[in-house]
Structures are given as C-alpha cells and as structure tokens.
Amino acid sequence: WPGKSVSTASVFARLQNVSNDPLPDLPDAFPAAQDVAGYLAKTRNDLQADALEIEPAIGNALDALAATDRCLLARMSGSGSACFGLYPSHAEAAAAGRLIGTAHPGWWVRAVEAR
C-alpha cells in the first residue's frame with residue numbers, strides 16, 4: 001500500500017471504460033504461481049485507470065513491484081490503492097518486499113504465501 005488512500009466512491013463515480021468482455025474460464029486449480037499470473041494477465045481491473053487518475057502513487061507502487069526481480073504480475077487490488085505482486089516463491093516475494101520497504105519506508109509492505 002503506497003501510503004495514500006483512495007475513496008471507493010470516487011473511483012466508481014469516474015468509472016466509464018467498462019468493457020464487459022467475458023473473463024477467461026477459471027481452471028479447477030493453479031499448480032504454480034506462474035499459472036495464476038498467466039490467468040490474471042488475461043484479465044483486467046476496470047477501476048485501475050480511474051484510480052490512477054485520482055492517486056498517482058498507485059502507479060508508483062505498481063512500477064516498484066514490476067521492477068523487482070522475478071515479479072510475475074503487478075496489479076492494483078479492487079478499487080485501490082493497495083497493490084500486489086505475484087512471485088514464484090515466498091522467498092522471492094519476501095526479498096522484493098524488503099527491497100520495496102527499504103526504498104519506500106512510508107508504504108505498508110508485506111510478503112505472504114497464498115495457498
């Protein structure tokens with residue numbers, strides 16, 4: 001989280017570019033983080049562009065995540081301003097978290113393992 005909040009109501013008030021294209025079929029399982037990232041790369045967050053206009057710090061967080069070693073995917077969560085990165089392993093996520101946390105001490109940064 002880049003230390004800047006975004007009002008969900010303000011993001012939805014700006015929402016104009018909703019494609020409503022069907023999402024890809026959800027598989028029964030994702031064997032590895034790469035599979036999750038591959039699936040999510042085919043999806044979108046229709047709120048991201050509007051949230052970025054309201055709070056440019058979201059773009060800074062996405063850029064910071066994407067610039068770390070082994071980041072498979074960097075995305076904004078929900079209506080913002082929290083962002084996440086997917087990594088092949090918890091160790092790689094933790095290394096990225098340390099790097100980002102050191103570079104941006106005002107941000108809330110955590111590495112977690114999803115199961």
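Modeller: Let's start with a term: a nonpolar core is a set of buried Ala, Val, Leu, Ile, Met, Phe, Trp, Tyr and Cys residues joined through side-chain atoms within 4.5 Å. Please keep in mind that this is a predicted model.

Colleague: Thanks! Which residues have the most contacts inside the largest nonpolar core?

Modeller: The general idea comes before the case. In soluble globular proteins, nonpolar side chains tend to be buried together. Here the largest nonpolar core has 17 residues, and Ile58, Met76, Cys83 and Tyr87 have the most contacts inside it. Helix 4 (57-66) and helix 5 (90-103) each supply at least two residues of this core. Helix 4 gives the most, with five residues.

Colleague: How many residues of helix 4 are buried?

Modeller: A residue counts as buried when its relative accessible area is under 20%. In helix 4, seven of the 10 residues are buried, so the helix is largely enclosed by the rest of the structure. The buried ones are Ala57, Ile58, Gly59, Ala61, Leu62, Ala64 and Leu65.

Colleague: And what do the buried residues of helix 4 pack against?

Modeller: They pack against helix 3 (48-54), strand 1, strand 2 and helix 5.

Colleague: Let's turn to the strands. Do strand 1 and strand 2 run parallel or antiparallel, and how many bridges join them?

Modeller: Two strands are paired if at least two bridges are found between them. Strand 1 (residues 73-76) and strand 2 (residues 83-86) run antiparallel and are joined by four bridges. To follow the pairing, look for Leu73, whose bridge partner in strand 2 is Leu86, and for Met76, whose partner there is Cys83. The two strands form a hairpin with six residues between them, and Gly78 in the turn has a positive phi of about 55°.

Colleague: What does Met76 touch, not counting residues up to four places away in sequence?

Modeller: Met76 touches Asn45, Leu47, Gln48, Ala51, Ile58, Leu62, Ala82, Cys83 and Phe84 on that count. Two of these names, Ile58 and Cys83, you have already met among the residues with the most contacts inside the core.

Colleague: Back to the loop between strand 1 and strand 2, where Ser79 has its place. Is Ser79 buried or exposed?

Modeller: Ser79 is buried, because its relative accessible area is 11%. Its side chain makes a polar contact of 3.0 Å with the side chain of Thr8. Leaving aside its neighbours within four places in sequence, Ser79 is in contact with Val6, Thr8, Val11, Phe12, Leu47 and Ala51.

Notes:
Residues are numbered from 1 along each chain as its sequence is written. This is a predicted model: local features need pLDDT of at least 70, side-chain atom pairs count only at pLDDT 80 or more; totals for chains, interfaces and linings use all residues. Side-chain values use heavy atoms; hydrogens and water are left out. Buried means under 20% relative accessible area, exposed over 50%, partly exposed in between (1.4 Å probe, protein chains only). Contact means heavy atoms within 4.5 Å. A polar contact is a pair of N or O atoms within 3.5 Å; within protein, one must be able to donate a hydrogen and the other to accept it, and residues adjacent in sequence count only if both atoms are side-chain atoms.
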